[in-house]
Amino acid sequence: MNDLSKKKCVPCLADAPPLKGEDLKSLYMQLDEGWKIVDEHHLEREYKFKNFKHALSFTNVIGKVAEEEGHHPDIFLSWGMVKIRLWTHKINGLSESDFILAAKIEAEFISHEGS
């Protein structure tokens with residue numbers, strides 16, 4: 001588990017600038033492989049599963065974590081696949097909370113795969 005996954009998501013101010021450049025890169029380097037930054041605007045990751053039941057179960061786990069953190073990703077569920085898209089809507093870009101939630105989702109995936 002990395003340091004990001006131990007942090008708590010915090011709301012940002014509407015006038016806060018989205019992360020760019022080195023600040024973005026520094027946080028991105030702390031995420032596990034598989035996450036992508038798209039247009040310096042949002043994070044994306046796809047998780048593969050052996051069937052719909054496992055994908056749905058993981059989706060429910062993500063929902064619980066999102067509620068606990070007060071930070072909500074877009075979740076796309078299909079047979080054997082869950083795609084996550086994260087960004088802070090209030091600032092229309094990435095904040096540290098997006099990276100924190102990504103790290104927490106990754107930690108849940110690792111424990112979910114072991115069960």
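Buried residues have under 20% relative accessible area, exposed residues over 50%, and partly exposed residues lie in between, as computed with a 1.4 Å probe on protein chains only. The close-up views show a predicted model, in which local features need pLDDT of at least 70 and side-chain atom pairs count only at pLDDT 80 or more, whereas totals for chains, interfaces and linings use all residues. Residues are numbered from 1 along each chain as its sequence is written, and side-chain values use heavy atoms, with hydrogens and water left out.

**View 1. Glu-44 and its pairing with Lys-83.** A salt bridge, defined as a side-chain nitrogen of Lys or Arg within 4 Å of a carboxyl oxygen of Asp or Glu, joins Lys-83 to Glu-44, with 3.7 Å between the closest N and O atoms. The two residues belong to distant parts of the chain, Lys-83 to strand β4 (residues 81–86) and Glu-44 to strand β2, and stand 39 residues apart; strands (E, at least two residues) and helices (H or I, at least four) are DSSP runs numbered from the N terminus. Both Lys-83 and Glu-44 are buried, the relative accessible area of Glu-44 being 10%.

**View 2. Glu-44 and its pairing with Arg-85.** The side chain of Glu-44 also meets that of Arg-85 in a salt bridge, at 2.9 Å from N to O. Because Glu-44 lies in strand β2 and Arg-85 in strand β4, this pair ties together parts that are 41 residues apart in sequence. Arg-85 is partly exposed, with a relative accessible area of 23%, whereas Glu-44 is buried.

**View 3. The salt bridge between Glu-40 and Lys-20.** The closest N and O atoms of Glu-40 and Lys-20 are 4.0 Å apart in this salt bridge. Glu-40 is placed in the loop between β1 (36–38) and β2 (42–48) and Lys-20 in the segment before α1 (21–28), so the contact ties together parts 20 residues apart in sequence. Glu-40 is partly exposed at 33% relative accessible area, and Lys-20 is likewise partly exposed, at 44%.

**View 4. A network of salt bridges.** Lys-8, Glu-69 and Lys-104 are linked in a network of salt bridges, and the structure as a whole holds nine salt bridges.

**View 5. The lining of the largest pocket.** A pocket is an open set of points on a 1 Å grid over the protein atoms alone, with protein on both sides within 12 Å along at least five of seven lines, and its lining residues have an atom within 4 Å of a point. The largest pocket is lined by 14 residues, of which Pro-11, Cys-12, Gly-70, His-71 and Thr-88 lie nearest its centre.

Note on methods. 1 Å grid on protein atoms, 1.4 Å probe; cavity = no way out; pocket = protein on both sides within 12 Å on 5 of 7 lines; lining within 4 Å.
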